[in-house]
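My notes follow the order in which I checked them.

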Amino acid sequence: MIHSLFLINHSGDIFLEKHWKSVISRSVCDYFFEAKEKAVDPEDVAPVLQTPHHYLITIYRGKLFFLSVVQTEVPPLFVIEFLHRVADTFQDYFGECSETVIKDNVVTVYELLEEMLDNGVPLSTESNVLKEMIRPPTTLRSVVNTLTGGSNVGNTLPTGQLSNVPWRRAGVKYTNNEAYFDVIEEIDAIVDKSGTTVFAEIQGVIEACVWLTGMPDLTLSFMNPRLLDDVSFHPCVRFQRWDSERALSFIPPDGTFTLMNYHVGSQNLVAIPVYVKQSISFFESGPCGRLDITIGPKQTMGKTVEALMVKIHMPKAVLCVNLTATQGSYTYDLPTKVLVWDIGRLNPQKLPNLKGSLSLQAGAPKPEDNPSLNIDLKIQQVAISGLKVNRLDMFGEKYKLFKGVKYVTKAGKFQVRT
């Protein structure tokens, strides 16, 4: 299925490559580099590119591109999901998925790729199984391997490989038994100049962190599960139980994992947390323009908006900006023409405002279109869709369980048109 994998940094340098069936020249990545140059943001590069002899399927994670080369037609989402599994495994093993960390652990990276893919076909992608086959690197283990010539590869077949619960290893024991769940929602929205919502949807995920002894069987129920339009689950979830009762019944993996992804597409259910009053104009006479932006809370369910940031891709004719911010600070990057206003925590009593003049290149024509505003924000302890966890029950074990749920709402692709 997958012939080759290339890891490419933000600058466009290939710093790691792995081939399974036959060696494919790096020149195949030139088609990807052309698409990357045309894209405004790295996220805008098309995930599937067709070349005369190959298909290039990519994801962007942690300022890195994971580019796979495929020679025959395969379901693109299948390859994309596998690439995300590779990035998640690196994150789990090394604490972060970055170029520096991957280069520092290049031997372990190649060992993991060899186990995760067999002759181009996904084989072992569960973290618990991989950790029994290839032990995570530690400073002490690295020193011992250097002195003895050993490796991180285990000598025995993982117990999970032979089990009907391959995602959980046997004989797990903990002094403190804990299960924590993070409900994280991202709002994708387009708001027009008058403040009317043109498009809005929510992409949600439930991240679990479970440290439990033995083989517990958990059931997670919700107060209002019917609002979820589309769901996908970790393999541990029993789909039949969800289909009949709308409850998550599962034997959890050991450690951190993504329990469920969901989507809320009904626009009337999506609450827009902030409103934006904006005016960006360029004058016909003289090389200048005006900018005035005010942001205030709208539907935040009584919570405070944090990490608020506004990013504007200015027209190429804008040379410099002379602005005044009542809250936060702004920066203007001349080469990329990007204006960033970092507001931070939103104060409802004193709304933040950014206004001032824009200087245009002399002799340049007036920009035809006004730039859009890209909003970034975070709201703690609220799921903007209204989803709430009702209770968590455990069966099969009799010890006391410590449990908790945390809610976070973020901005995904949140755009305000001017």
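The entries below go from the whole chain to single residues.

**Ground rules.** I am working with a predicted model, where local features need pLDDT of at least 70, side-chain atom pairs count only at pLDDT 80 or more, and totals for chains, interfaces and linings use all residues. Residues are numbered from 1 along each chain as its sequence is written, and side-chain values use heavy atoms, with hydrogens and water left out.

**Whole chain.** I looked up the extent first. The C-alpha trace spans about 75 × 55 × 45 Å along its principal axes. The secondary structure comes to seven helices and 23 strands. Helices (H or I, at least four residues) and strands (E, at least two) are DSSP runs, numbered from the N terminus. Of the 418 residues in the chain, 46% are buried. I use buried for under 20% relative accessible area, exposed for over 50% and partly exposed for in between, with a 1.4 Å probe and protein chains only. The accessible surface is about 21,200 Å², and 50% of that surface belongs to carbon and sulfur atoms. These areas come from the Shrake-Rupley method with a 1.4 Å probe; for residues, only the protein chains shown count as cover. I also checked contacts (heavy atoms within 4.5 Å). Among those in the chain with a separation of 6 or more, 68% join residues 24 or more positions apart.

**Cores.** Which residues have the most contacts inside the largest nonpolar core? They are Phe250, Leu259, Leu291, Ile295 and Ile375, in a core of 72 residues. Strand S8 (residues 178–191) gives the most to this core, with six residues. A nonpolar core here is a set of buried Ala, Val, Leu, Ile, Met, Phe, Trp, Tyr and Cys residues joined through side-chain atoms within 4.5 Å. Not counting residues up to four places away in sequence, Ile295 touches Val274, Tyr275, Val276, Leu308, Val310, Trp341, Ile343, Leu346, Leu351, Pro352 and Ile375. I then noted a second, separate core of 34 residues, which includes Met1, Val74, Met116 and Leu117.

**Helix H2.** I compared the length of H2 (residues 76–94) with expectation. Its 19 residues should span 27 Å at 1.5 Å a residue, and its end C-alpha atoms are 27 Å apart, which agrees. The expected span is 1.5 Å times one less than the number of residues. Buried residues in H2 include Phe82, Leu83, Val86, Phe90 and Phe94. Gly95 follows H2 and has a positive phi, near 90°.

**Three-stranded sheet.** I traced an open sheet with the order S12-S10-S22 and antiparallel pairing. Strands pair if DSSP finds at least two bridges between them. S12 (247–250) and S22 (389–395) stand at the edges with a single partner strand each, so one side of each is left without a neighbour in the sheet. The twist averages 10° from one strand to the next. Axes are lines fitted to C-alpha atoms, for helices over the stretch in contact, and angles run from 0 to 180 degrees between N-to-C directions.

**Strand S10.** Four bridges join S10 (residues 217–222) to S12. Leu218 stands opposite Phe250, and Thr219 has Ser249 as its bridge partner. Six bridges join S10 to S22, where Phe222 is partnered by Val389. Is S10 enclosed or left open? Six of its six residues are buried, so S10 is largely enclosed by the rest of the structure. In a regular strand the side chains alternate between the two faces of the sheet. Here both faces are covered: Asp217, Thr219 and Ser221 are buried on one side, and Leu218, Leu220 and Phe222 on the other.

**Four-stranded sheet.** I found another open, antiparallel sheet, ordered S14-S15-S20-S17. S14 (274–282) and S17 (318–325) are its edge strands, each pairing on one side only. Neighbouring strands are turned by 15° against each other on average, direction ignored. Nine bridges join S14 to S15 (residues 288–297), and Lys277 is partnered by Thr294 in S15.

**Asn177.** My last stop was the loop between H6 (139–148) and S8, where Asn177 lies. Asn177 counts as buried at 7% relative accessibility. Leaving aside neighbours within four places in sequence, Asn177 is in contact with Trp211, Leu212, Thr213, Tyr399, Lys400, Leu401 and Phe402.
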